[in-house]
Amino acid sequence: MIENKTKTIESYLDNAATTRCSSRVQALVQKTMDEDFGNPSSMHHKGFQAEHQVRQAAQTIAKTLKVSEKDLIFTSGGTESNNLALIGAAMANHRLGSRLVTTQVEHASVLRTMEFLQEQGFEVIYLPVDKEGIVDLDALREAVDANTVLVSVMHVNNEVGAIQPVAQAAGIVHEKNPQALFHVDAVQSYGKLVIRPKKLGIDLLSASGHKIHAPKGIGFLYKHEKAKIHPILFGGGQQAGMRSGTYNVPGIAGIGEAAAEAYENLEEKVRHMYGLKKRLIEQAACIEGVTVNGRSGDDSAPHIVNLSFPGVRSEVLLHALEESRIYVSAGSACSSSHQGASHTLQAMRLAPPLLESALRFSFCADTTLEEVDAAALKLQELVPRLRRYTRR
């Protein structure tokens with residue numbers, strides 16, 4: 001157990017929700033707003049300056065994925081990328097079939113989009129996961145048929161950090177139906193894991209800027225050159241007509257710089273985050289009854305830990321930690337306004353006491369050991385006290 005020598009510091013352990021913009025990103029974004037502020041579609045010098053920023057960002061991101069910059073579509077973020085991938089692929093390939101396949105633990109931007117497509121007449125199959133949140137590949141093999149046009153499986157689960165076997169899943173999909181497209185929501189894995197879409201068999205891949213220290217409101221969709229999708233936004237025909245609308249130059253420049261920074265010394269950053277994860281789990285183990293939800297080793301994402309503290313409701317513990325300037329999450333930030341237990345933890349079949357007491361702790365490369373120690377120390381203090389209060 002940690003000795004109480006940790007001074008009061010702010011511990012931001014909610015990086016899976018959003019990250020602070022890095023200094024390098026802030027500087028470049030400021031430059032695009034002060035100097036390179038032209039419209040990239042304008043045929044003059046200011047337009048060319050802005051266009052250069054867009055092209056530079058595309059080249060940088062393409063290099064991290066080992067793909068062509070022509071295969072990237074800039075969007076407003078992960079939600080739009082997922083919507084474009086799912087709706088665009090379903091509509092473009094409807095003549096080939098009407099079955100869509102996904103998992104029970106996807107982000108809301110996938111699950112709600114699938115519900116919309118069901119309303120449009122598509123059949124959606126939701127694959128189960130095991131107690132660690134890993135998709136059932138046998139169920140996938142059974143679900144994919146000649147009528148399947150799209151399969152969507154997230155890479156890293158945003159609540160428990162489960163790394164899905166996307167390469168095996170892609171292999172199954174393309175073996176069962178070579179015409180079906182395979183989409184991966186990589187919002188929680190891009191910038192944390194090495195991703196090679198072509199090597200992994202990924203046809204469509206979504207990513208978001210504010211998870212990797214870029215501004216909010218920017219993301220991208222990778223689309224394999226042979227993948228056919230329809231646009232869902234119409235207008236001036238920017239980005240080869242795939243996503244009309246004036247380019248968000250500050251955001252695009254920001255995500256390009258953030259991508260470059262994320263993949264610099266990636267192995268060292270990943271080791272650091274795994275160390276933080278191990279430290280938190282070890283210190284939390286001092287608390288009676290604490291449970292790790294999902295995997296906890298290097299076969300899970302380095303930056304996400306989901307812990308349950310039976311006997312204390314997650315919201316109560318979250319706000320108690322907040323009073324000490326320790327910031328964590330009770331689940332996905334995108335669905336935290338909705339009441340009810342986590343659909344991911346429910347799909348993993350957690351018992352009610354664990355469902356009701358789960359908290360997510362998430363790190364970035366800049367998270368310090370002192371931040372983690374401060375959180376662990378406060379948990380050791382708060383949980384027993386709140387349990388006694390609850391029993392009364």
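Reader: Is glutamate 370 buried, partly exposed or exposed?

Author: This is a predicted model, in which local features need pLDDT of at least 70 and side-chain atom pairs count only at pLDDT 80 or more, while totals for chains, interfaces and linings use all residues. Residues are numbered from 1 along each chain as its sequence is written, and side-chain values use heavy atoms, with hydrogens and water left out. Buried means under 20% relative accessible area, exposed over 50%, and partly exposed in between, with a 1.4 Å probe and protein chains only. Because its relative accessibility is 48%, glutamate 370 counts as partly exposed.

Reader: How far apart in space are glutamate 370 and serine 11, C-alpha to C-alpha?

Author: Glutamate 370 belongs to helix H13 (residues 369-391), where helices (H or I, at least four residues) and strands (E, at least two) are DSSP runs numbered from the N terminus. In sequence, glutamate 370 and serine 11 are 359 residues apart, yet from C-alpha to C-alpha the distance in space is 8.2 Å.

Reader: Which residues does threonine 60 touch, not counting those up to four places away in sequence?

Author: Threonine 60 lies in helix H2 (residues 45-65), and because its relative accessibility is 18%, it counts as buried. With contact taken as heavy atoms within 4.5 Å, and with residues up to four places away in sequence not counted, threonine 60 touches Gly256 and Ala260.

Reader: How many disulfides does a search of the whole structure find?

Author: A disulfide is counted here as a pair of cysteine sulfur atoms within 2.5 Å. For cysteine 364, which is in no disulfide, the nearest cysteine sulfur is that of cysteine 21, 12 Å away. Over the whole structure, the number of disulfides found is zero.

Reader: What kind of pair do the rings of tyrosine 190 and phenylalanine 220 form?

Author: Rings of Phe, Tyr and Trp (its six-membered ring) pair if their centres lie within 6.5 Å, and planes under 30 degrees apart count as stacked, over 60 as edge-to-face and the rest as tilted. A search of the whole structure finds three aromatic pairs. Because the ring centres of tyrosine 190 and phenylalanine 220 are 5.3 Å apart and the planes stand at 85°, this pair is edge-to-face.

Reader: How far apart in sequence are the parts that this pair ties together?

Author: Tyrosine 190 sits in the loop between strand E6 (181-185) and helix H7 (197-200), whereas phenylalanine 220 is in strand E8 (residues 219-223). Both tyrosine 190 and phenylalanine 220 are buried. The pair therefore ties together parts whose separation in sequence is 30 residues.
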